[in-house]
Amino acid sequence: MSQEGENDAEIISLFGPDEPQQSHKNNRNDKRIKKQKKKQRRRNGSASPEQTGEDTMDTFLGLFDPTVENETTQDIDELNGNVNHGDVQYKGRRGTLGGVRRGPSVAILPDQLPSEPQEGNIEYKLKLVNPNHERFKRLVSQMQWRLREGLGEAIYEIGVEDSGVLLGLTQEELEASMKTLRRMAKQLGASLTVIREKTISGHNGQTRKAAEVLVRKVPDDQYSIELRIAVLGNSDVGKSTLLGVLTRGELDNGRGCARLNVFRHRHEVCSGKTSSISLQLMGFDSQGNVIDQTCTRSRDYDDEDICSQSIKIINFIDLAGDQKYLKTTVFGLSGYSPHYAVLVVSAFSGVAPMTEEHLSLARALDVPIVIVITKTDLASPQQIQRAINDLKQFLTQPGYKRVPLIIENEDDAITAGSNQLDNNIVPIFCASSVTGDGLVLLKKFLFVLPPRMSNKEREKLEQEPSEFQIDEVFHVDRSIVVGGLLTKGVIMQGATLLLGPMDNCSFVSVTVGSIHRNKVPCRVVCAGQSASLSLRGPGLSLRKGMKLMSTEARPRACFYFQARTQVLHHSSSICRGFQATVHIGNVRQTAVVEGILGSRGLHTNDRGSVIFRFLRQPELVQNGARLLFRQGSTKGIGKVIQVFEEEPDNVDHYIGLAR
């Protein structure tokens with residue numbers, strides 16, 4: 001679809017293809033003169049400072065608030081006769097649009113969208129009315145490409161120009177376009193869900209509509225679309241209770257009954273504090289309905305039932321919030337490689353020290369953040385606003401500079417979810433696990449939240465030799481089962497892999513007996529997916545932090561490695577001999593600083609190249625891996641740049657100081 005020019009796009013009217021085109025051309029000059037006069041009046045004193053001094057970010061954020069409109073949007077709406085924004089409400093509606101079922105509730109599209117991206121899973125279409133055979137084949141191929149870009153999810157904007165202007169369609173054109181879209185999806189075996197609509201009022205009382213449709217098709221090599229989301233926050237803020245409500249479908253009684261299904265140990269039930277890593281499942285069907293676990297109390301049966309009925313699965317990773325379990329929390333963030341992190345904040349305590357600690361960890365590991373303020377049923381409006389102000393101040397501080405967005409309606413939730421990858425937006429939800437306020441918006445956000453890994457990155461990882469990191473070890477009926485994440489390659493049932501490293505830096509050969517994903521048997525697991533593998537081999541001795549490698553990789557374990565680091569905080573300086581707990585993926589071990597290149601020590605915010613040595617046992621470390629080290633209040637990040645299979649001979653030369 002072509003665009004004649006920027007000026008023409010700004011003043012284009014909403015006449016359909018059946019309207020006289022000559023009348024449109026004759027009125028174009030009059031409309032341009034009217035617009036120029038209107039701009040001149042604003043410059044003479046009627047324009048507000050916000051309208052005249054608005055920068056690019058403010059213009060973009062104006063899309064989230066239907067009451068804030070930029071100058072171009074106001075001009076287009078006035079020319080189209082659309083002066084009553086928000087008069088048409090679709091909330092709570094169910095039904096069909098062109099034979100396509102609407103979701104549980106349909107939000108309202110904003111007045112203007114960003115320009116159509118060339119890459120990604122978002123496609124703009126003005127109309128799809130009766131395409132011929134060749135065009136239909138091209139449209140199907142285009143939908144398949146968009147689905148591959150979104151790893152099984154694509155968003156179609158119907159009635160929208162490539163520039164993002166919402167022109168809308170007549171009811172007949174929209175019905176025909178949705179019929180064509182349904183044929184395209186049927187050709188690929190995909191499902192359609194209308195998630196947003198907008199009615200546009202044109203000249204002579206003519207109304208036109210635009211729609212946003214979610215196209216979803218699970219890839220052929222997996223059962224469902226999976227997202228891993230870590231849950232962070234201080235202790236006693238309601239993390240486990242929130243997960244219990246989301247995954248079980250039952251509200252809390254105000255005394256913590258919902259969290260009992262989430263805890264793994266008896267002492268957690270007695271103390272009310274999470275001390276281990278707990279995994280909880282939440283499923284969505286193709287229409288956005290939540291598949292919860294209200295049918296039975298059997299946890300195993302429920303998980304299998306959710307996986308078999310869900311087309312999208314949210315795998316929550318419940319992490320500890322107490323200071324003494326910080327080591328476990330860091331291991332969950334680093335080893336499980338979550339796509340997103342939900343930071344839970346209490347409306348009473350606000351931003352606690354551990355809240356800042358967890359936010360700093362997610363920032364250091366480059367994990368996008370979503371904030372949920374809980375216990376809003378007990379807090380006063382002043383307390384809730386104080387917590388929001390503290391979060392805004394922390395998010396917008398120098399060096400971080402994120403854009404906080406308060407989610408107040410479904411349109412905000414959908415917009416934040418679809419823009420989570422492209423912008424530095426931090427959605428903030430206000431919810432209550434007792435009354436259920438705000439949970440519908442949170443579920444809607446999770447439903448449209450896309451996978452973080454692009455299709456190109458996934459295909460590239462699948463071509464590399466297999467690498468499976470072991471996060472859990474179980475002994476089941478005299479057999480060994482390991483759980484973890486496949487970071488590279490593809491593993492099939494019956495494959496032969498190398499397990500290690502052992503204490504003597506060696507690797508042993510093992511065979512994969514069976515594979516389970518989300519407690520459902522399968523024959524293959526691909527890069528970026530978590531799974532459980534049954535291993536067969538003589539005299540196996542396993543621990544967390546080991547890896548399963550392809551025989552083609554020829555892995556080499558090491559004690560020494562070099563990393564380019566930055567000290568985030570230290571009370572004095574880091575020198576040779578300093579010991580800290582190092583996290584590299586699922587590797588967690590104490591390491592000592594053997595040397596610092598060209599420096600006597602590193603202070604806060606200093607950067608340098610450091611040689612580390614593992615104290616207890618060798619580990620499998622690769623170049624380019626992200627590193628996080630901590631000791632008490634000392635924290636630092638870095639990247640591995642060199643691995644030494646043996647002790648380097650020139651360590652003394654690297655120290656930068658004569659012994």
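## Basis of the model

The model is predicted: local features need pLDDT of at least 70, side-chain atom pairs count only at pLDDT 80 or more, and totals for chains, interfaces and linings use all residues. Residues are numbered from 1 along each chain as its sequence is written, and side-chain values use heavy atoms, with hydrogens and water left out.

## The chain as a whole

The chain has 659 residues, and 55% of them are buried. Buried means under 20% relative accessible area, exposed means over 50%, and partly exposed lies in between (1.4 Å probe, protein chains only). There are 18 helices and 29 strands. These are DSSP runs numbered from the N terminus: helices are H or I with at least four residues, strands are E with at least two.

Contact means heavy atoms within 4.5 Å. Of the contacts between residues at least 6 apart in sequence, 72% join residues at least 24 apart.

## Nonpolar cores

A nonpolar core is a set of buried Ala, Val, Leu, Ile, Met, Phe, Trp, Tyr and Cys residues joined through side-chain atoms within 4.5 Å. In soluble globular proteins, nonpolar side chains tend to be buried together. The largest core here holds 45 residues. I229, F316, F429, F445 and L446 touch the most other members. Helix α16 (residues 439-448) gives the most to this core, with seven residues.

A second, separate core has 34 residues, among them V330, L365, I388 and L628.

## Helix α9

Helix α9 spans residues 239-248 and is mostly covered. Ten of its ten residues are buried. Among them are K239 and R248, along with L242, L243 and L246. G249 follows the helix, with a positive phi near 80 degrees.

## Salt bridges

Side chains of opposite charge can pair when their charged atoms come close. A salt bridge is a side-chain nitrogen of Lys or Arg within 4 Å of a carboxyl oxygen of Asp or Glu. By this rule the count is 17. R146 pairs with E116, with the closest N and O atoms 3.8 Å apart. R146 sits in helix α7 (residues 133-149), while E116 is in the loop between β2 (100-108) and β3 (122-125), 30 residues apart. R146 is buried at 5% relative accessible area, and E116 is buried at 15%. A network of salt bridges links E116, E123, K125 and R146.

R196 forms a salt bridge with D411, at 2.6 Å between the closest N and O atoms. R196 is in strand β5 (residues 191-201) and D411 in helix α15 (residues 410-418), so the pair links parts 215 residues apart. R196 is buried at 2% relative accessibility. D411 is buried too, with a relative accessible area of 8%.

R613 and E594 meet in a salt bridge at 2.5 Å, N to O. R613 lies in strand β27 (residues 607-614) and E594 in strand β26 (residues 587-596), so the pair ties together parts 19 residues apart in sequence. R613 is partly exposed at 25% relative accessibility, whereas E594 is buried at 11%.
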